[in-house]
Amino acid sequence: MRFRSTIFALAATAWSGSAERAWAIAGCDAFSAALRTEASDMQVEFGRAVVVSRTRSDSNVFDVTTKVDVDATLSCRGDEFLRFEARIGEPANARTNTNFERFQTAALKAALGWDAGKSRGVLRGMTADAREYLAASRERGDVYVAGKTEEHQPGGVNLGLMATGSDRTFVIVGPAGE
């Protein structure tokens, strides 16, 4: 009888588990180290940002610079990952677009542990959607011409991509960053 209840418990656990892995987001120290490693050819550097605000915040903000045309910002609370934003100016040449895609892929691998194939697939879809929404925004004559798309991942992690005529921004928001 005990053997049957053990089998039942294992089956129930397997059945109730989601088919998709609930990705845990890395802590800030692990993310920083992994991003430096994944994008080592881009010479990623983290510097403490100066933030001017009327409100008091317990978060730490870091400017992320590279030797290519990609810049970023990382926000943390202690070692807790809050938000990561990578940006490029538009219009961008082919080299900058390639570097931006590589940097985004490295960031997803560092934050979520995704492989390059999964990262590139998600990013290509988001980029296509943002471009389509940007084109529609231009056609409508919106006051603020922009294209934005987002993906919601297990574990409370959100991804976003915004495109305007002057820049493109990729965002990873951790569960504590909302």
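Me: Before we start, what makes something count as a contact here?
Reply: Happy to say: contact means heavy atoms within 4.5 Å. Keep in mind that this is a predicted model.

Me: Thanks! With that in hand, what covers the buried residues of helix 2?
Reply: The cover includes strand 1 (45–48), strand 3 (71–77), strand 4 (80–89) and helix 3 (94–112).

Me: Which residues of helix 2 are called buried, and why?
Reply: In helix 2 (residues 28–38) they are Cys28, Phe31, Ser32 and Leu35. The word applies because buried means under 20% relative accessible area.

Me: How do you know that they sit on the same side of helix 2?
Reply: They cover an arc of only 100 degrees around the axis, which puts them on the same side. In general, an α-helix has 3.6 residues a turn, so residues three or four places apart point the same way. On the other side of helix 2, Asp29 and Thr37 are exposed.

Me: Why is Gln43 called partly exposed?
Reply: Its relative accessible area is 48%. Buried needs under 20% and exposed needs over 50%, so a value in between is partly exposed. Gln43 belongs to the loop between helix 2 and strand 1.

Me: What makes the phi of Gln43 worth a mention?
Reply: Phi is near 55 degrees, a positive value in a residue other than glycine. Most residues other than glycine have a negative phi.

Me: And how do you know that the bond joining Glu90 and Pro91 is cis?
Reply: Omega is about 0 degrees there. Pro91 itself is in the loop between strand 4 and helix 3.

Technical notes. Residues numbered from 1 in each chain as written. Predicted model: local features only at pLDDT ≥ 70, side-chain atom pairs only at ≥ 80, totals over all residues. Heavy atoms only, no water. Buried < 20%, exposed > 50% of the residue type's maximum accessible area, 1.4 Å probe, protein only. Helix = DSSP H or I, 4+ residues; strand = E, 2+ residues; numbered from the N terminus. Arc of directions from axis to C-beta.
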